[in-house]
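Work through these exercises with the model open. Try each task before you read its solution.

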Amino acid sequence: MHRAIGNLSQLCRRRIPFRPARADSVALLTAGIFSATVLAAVPAGKPASQHVPQMSYIENQTLRLGVDLNLGGAITYLSPAGTNRELNLINTHDWGRQVQLSYYSGPVPFNPPGTRMSKAWEFIGWNPIQSGDCYGHESRVVKHTNHGRSIYVKCVPMHWPLDNLPGECECEVWLELSGPAVKARCRLTNHRPDKTQYSARHQELPAVYVNGPFYRLMTYTGERPFSGDALTRIEKRTGEPGPWSQWVGTENWAAQVNDAGWGLGVWNPGAFEFTGGFAGRPGAGGPLDDPTGYIAPIRAEILDHNIVYDYVYELILGSLEEVRAYVYQHHATPKLPVFQFVRDRQGWFYRDGTDTGWPIRRQLEIPLEKAAPQVLSPVFLVKAQDAPKLKLEAAFNSGNKDSAEAGVTVFWRRLGQASFTTEQSLKVPIRSDGRFKQYLVDLARSPRYDGLITQLRLDPAPVGQPGSHFRLKSVSFGR
């Protein structure tokens, strides 16, 4: 969403909220969030220029890292150690930047009784973030420790679109330094009184903002990951909605670098989808200035009212060659995807459906009562030739005693495809007796099963009906 507000140089640019146009599409309904600065957007709160940081630093021989305890413990400082301490890469122009945690769920809009919501941001929905809200109120740190090489912070985040409303949750971050990298472990603990299971939303894991000199966004999007193949520069395409671009990063990392090819890389081993770009005048500006580069690894996730949601990421300082070499050295050897729903959803989500809620106990149980329920995997990467078969451990009950058999349709998407198609699907007969069985799907018998596979979709029933349900214990590829 572009708001028609005069001079763009006077606008702050904040991250994009992620809402799939359809759950089976890589294309995202994105909105470039442009509002007036914290000083001018709303008539309340503390301007960024009046903020007084309370910093906590750690340092090794390579890096110096700082978090602001008056800003939810978000990362606001990262530079090389030693004599280059003035070279801070992190942008803090407003509370929607920094390197910070940010989570999304319904409803949209999210405007509880007695609260004031900025109309400019009502389309975001439920969105607690680590730094503060659009009115200038900072998130509150409730616990902090610093052991010299590691930092722990726990905060109560603020809802970005609302005036001084703390989130019904806590955010925790564990940070430690390892050579040229910042290793981060992150946790959201929800206590929402609203027990509705809202649809999956793309989460920023995390949101990363850098300064104007680091305007070149580089990554790898090709079909030969971890081969040293040529990198791709991400630039805004004509007609692409919003201020940022979206892509599948097949090596799970991206970096914002300067003209010399030096800057900050972001690696999330569990994320293949990314969004990012640059806003403002390239090549100039510091932490408090408007020009900014942005990267976020993203995944579609359901955030239940009582969920405990964890993820990890790493920030890597150095040249493009050094960032990529670090990822190559530390990434796990690729294995065929195995999804076992013992304690969580493993990133799976639904279109026109829900499950029985958090905590997950050894299975996904999905009522099939809505019009056209679909079960979708997270984005992954596997060569079709390495994974010709798919195994489902599932139980199905159609709710119809006269129905002896039913079928699940398995769809797959390849790298570069925006949606699923019937040409890339197979029907799997399943017994409708409510008992768990293992079903082996010979994907290779389809001539359209080739290339790099990036996502699965299971349609357990063509039409939902009362009393039907589909239970899923595991999904795995094999030979």
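**Exercise 1.** Find out why strand E6 (residues 63-68) is largely enclosed by the rest of the structure.

*Solution.* Step 1: count the buried residues, where buried means under 20% relative accessible area (1.4 Å probe, protein chains only). In E6, 6 of the 6 residues are buried, so this strand is largely enclosed by the rest of the structure. Step 2: check each face. Leu63, Leu65 and Val67 are buried on one side. Arg64, Gly66 and Asp68 are buried on the other, so that both faces are covered. Strands here are DSSP runs of E with at least two residues, and helices are runs of H or I with at least four, numbered from the N terminus.

This is a predicted model: local features need pLDDT of at least 70, side-chain atom pairs count only at pLDDT 80 or more, and totals for chains, interfaces and linings use all residues. Residues are numbered from 1 along each chain as its sequence is written, and side-chain values use heavy atoms, with hydrogens and water left out.

**Exercise 2.** Trace the strands that pair with E6 (two strands pair if DSSP finds at least two bridges between them).

*Solution.* Step 1: take strand E5 (residues 55-59). E5 and E6 run antiparallel, joined by 5 bridges. Ser56 has Val67 of E6 as its bridge partner. A hairpin of 3 residues links E5 to E6. Step 2: move on to strand E7 (residues 74-80). E6 and E7 are antiparallel too, with 6 bridges. Here Asp68 faces Ala74 in E7. This hairpin has 5 residues between the strands, and its Gly72 takes a positive phi near 70°.

**Exercise 3.** Describe the open sheet of 9 strands and the place of E19 and E20 in it.

*Solution.* Step 1: write the order. It is E10-E11-E13-E14-E23-E20-E19-E16-E17, with antiparallel pairing. Strand E10 (140-146) and strand E17 (232-233) each pair on one side only. Step 3: look inside. Strand E19 (residues 253-257) and strand E20 (residues 262-267) are antiparallel over 5 bridges. Val257 stands opposite Gly263 in E20.

**Exercise 4.** Is Ser377 buried or exposed, and which residues does Ser377 touch?

*Solution.* Step 1: locate Ser377 in the loop between strand E27 (374-376) and strand E28 (382-383). Step 2: read the accessibility. Ser377 is buried, at a relative accessible area of 0%. Step 3: list contacts (heavy atoms within 4.5 Å). Leaving out residues up to four places away in sequence, Ser377 touches Gly347, Trp348, Phe349, Gln455 and Leu456. Step 4: its side chain reaches the backbone nitrogen of Leu456 at 2.9 Å.

Note on methods
Buried < 20%, exposed > 50% of the residue type's maximum accessible area, 1.4 Å probe, protein only. Polar contact = N/O pair within 3.5 Å; in protein donor to acceptor, adjacent residues only side chain to side chain.
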